[in-house]
Amino acid sequence: MAKAKTIFFCKECGYESAKWMGQCPGCKAWNTFVEEPAEKKTAGRGMGISSMAKGGGRPARIHPSYLDEISVEETDRMGTGFQELDRVLGSGIVAGSLVLVGGDPGIGKSTLLLQVCRNLAQAGKKVLYISGEESLKQIKLRAARIGKVTGDLRFLCETNLELIQEVIEEEQPDVAVIDSIQTMFREEISSAPGSVSQVRESTNLLMLLAKSRGIAIFIVGHVTKEGMVAGPRVLEHMVDTVLYFEGDRSDTYRILRAVKNRFGSTNEIGVFEMEEEGLKEVENPSEFLLSGRPEDASGAAVACLMEGTRPILLEVQALVTATSFGMPRRTAAGTDYNRVNLLMAVLEKRCRYEMSRYDAYVNIAGGLRMNEPALDLAIVMALVSSLKDRSIDPKTVIFGEVGLSGEVRGVSMAEQRVNEAVKLGFETCILPQICLEKLRRTDGIRLIGVRNVREAIDTLK
Ligand code: TYD
Ligand code: MG
């Protein structure tokens with residue numbers, strides 16, 4: 001009997017090879033090749049998006065178009081009922097788009113999408129939720145937690161994509177959810193659900209379906225410790241938008257981040273909180289991140305950062321203690337370790353603090369990861385505050401970039417940052433002098449412009 005033909009795939013990037021390899025030539029990852037049965041390529045001519053748009057079959061004549069000939073309906077954005085999600089998507093769902101929602105198991109992807117479906121149905125949209133993971137009963141139990149469901153929202157438990165395609169084509173919903181792509185399979189492909197070829201071909205089918213029928217499709221994708229089961233990059237290339245739902249499962253807040261977005265910016269984040277009745281938006285993340293702050297503790301500074309167009313206030317904590325070993329220990333949680341080392345070197349050289357005799361631990365409270373240069377000055381102030389054991393006034397916000405010679409450099413959008421500080425009741429703001437000079441608003445808050453790190457440190461009481 002002839003041996004069945006197999007082919008090897010890289011789990012990370014989908015690279016194909018006839019033989020197994022230790023390192024993938026495509027993405028240079030080690031030990032990522034898996035063996036799967038070889039598939040016959042059936043997709044031939046006339047299977048593209050343009051032919052599907054005309055209802056299948058080969059178009060009479062394929063011709064390129066001028067931009068003027070293409071009509072776009074700009075109004076085709078649907079609100080999801082969550083402002084946080086709308087902003088991350090770029091003001092709503094685009095009809096005919098394919099959105100991948102990735103995240104660890106149990107982080108709340110199904111819950112989020114179910115709530116989105118509910119909101120869409122309430123707004124009069126036709127919605128189809130297809131689950132390959134949970135039974136209808138389980139879905140009902142979950143839906144009972146998030147509240148009343150009205151409107152045209154229907155559920156289907158199915159994993160066969162050919163059948164799902166038939167249902168979607170027949171029903172023509174505005175929005176469909178596929179939960180999750182790892183459970184879906186196509187009959188013509190012999191490998192198991194979740195394998196690279198299944199995931200790739202399934203996504204392909206969904207993409208054609210979305211583009212040709214103008215249906216917005218959300219795909220859920222699980223991420224394991226080593227990345228998604230079938231490799232995140234295989235999917236990321238194919239879809240229009242990639243959202244990651246992150247957060248600590250032991251904590252209640254969740255952050256939604258766009259990693260790729262063909263219809264909007266990738267700088268925006270959405271903040272949610274997981275409650276008993278599903279996810280709630282956190283409209284003011286600053287208030288949330290600053291809650292439970294100890295009063296008058298040394299080593300704490302409030303920084304103001306921009307996430308896309310939105311200012312976020314958060315607390316930077318530093319703990320500086322005399323080192324008991326020859327090598328001082330340094331850690332940085334939530335920010336760049338090398339940046340912290342650099343700032344300590346600046347303090348040592350420019351301000352004559354003997355930082356090399358101290359251990360230093362820097363932490364961004366709330367578990368966010370932030371790398372904006374505007375964070376520098378707050379880190380420096382927190383370090384010095386802890387070193388001298390003098391607390392920074394809790395009603396003070398600090399932002400500014402620190403250069404290698406200890407100068408404080410200007411940052412963008414100073415006005416928005418100051419306005420956010422005023423809104424949250426802060427009384428003082430320490431900012432780069434150059435930003436202060438350009439600032440139009442000066443009322444409601446005491447503004448202290450600083451030119452270098454030394455001037456900033458002199459403001460400590
Ligand atoms: P789920 O949406 O099933 O996660 P995923 O689809 O990403 O795997 O979320 C499951 C978790 O959320 C589970 O630990 C229970 C919790 N949860 C709540 O806290 N409140 C709720 O209202 C719901 C529906 C779930
Ligand atoms: Mg789920």
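## Cavities, strands and a ligand shell

Guide: Welcome! About 50 Å³ of space lies in the second largest cavity of this predicted model.

Visitor: What makes that space count as a cavity?

Guide: A cavity is a set of points where a 1.4 Å probe fits but cannot get out.

Visitor: Which residues line the second largest cavity?

Guide: The lining is made up of Y253, I255, I269, V271, P285, F288, L289, I312 and L368. A residue belongs there because one of its atoms lies within 4 Å of a cavity point.

Visitor: How do you know which classes the residues of this lining divide into?

Guide: Tyr, Ile, Val, Pro, Phe and Leu count as nonpolar, so the lining divides into 9 nonpolar, no polar and no charged residues.

Visitor: Which elements each supply at least two residues of that lining?

Guide: They are β13 (253-261), β14 (269-275) and α8 (285-290). The largest share, 3 residues, comes from α8.

Visitor: Why are β13 and β14 called paired strands?

Guide: Two strands pair if DSSP finds at least two bridges between them. Here 5 bridges join β13 to β14, so the pair qualifies, and the strands run antiparallel. I255 stands opposite V271 in β14, and both residues are in the cavity lining.

Visitor: What joins β14 to β15?

Guide: A hairpin, through 2 residues. The two strands are antiparallel, with 4 bridges, and M274 stands opposite L279 in β15.

Visitor: How many residues does the shell around ligand 1 take from α3?

Guide: α3 gives 3 residues, the most of any element.

Visitor: Which class of residue does the lining of the largest cavity have 4 of?

Guide: Charged: 4 of these residues line the cavity, together with 7 nonpolar and 1 polar. R293, D296, E315 and D393 are in that lining, and they count as charged because Asp, Glu, Lys and Arg form that class. About 80 Å³ of space lies in this largest cavity.

Methods:
Residues numbered from 1 in each chain as written. Chains lettered and ligands numbered in written order. Predicted model: local features only at pLDDT ≥ 70, side-chain atom pairs only at ≥ 80, totals over all residues. Heavy atoms only, no water. 1 Å grid on protein atoms, 1.4 Å probe; cavity = no way out; pocket = protein on both sides within 12 Å on 5 of 7 lines; lining within 4 Å. Points joined across faces, edges and corners; volume = space filled by probe spheres on them.
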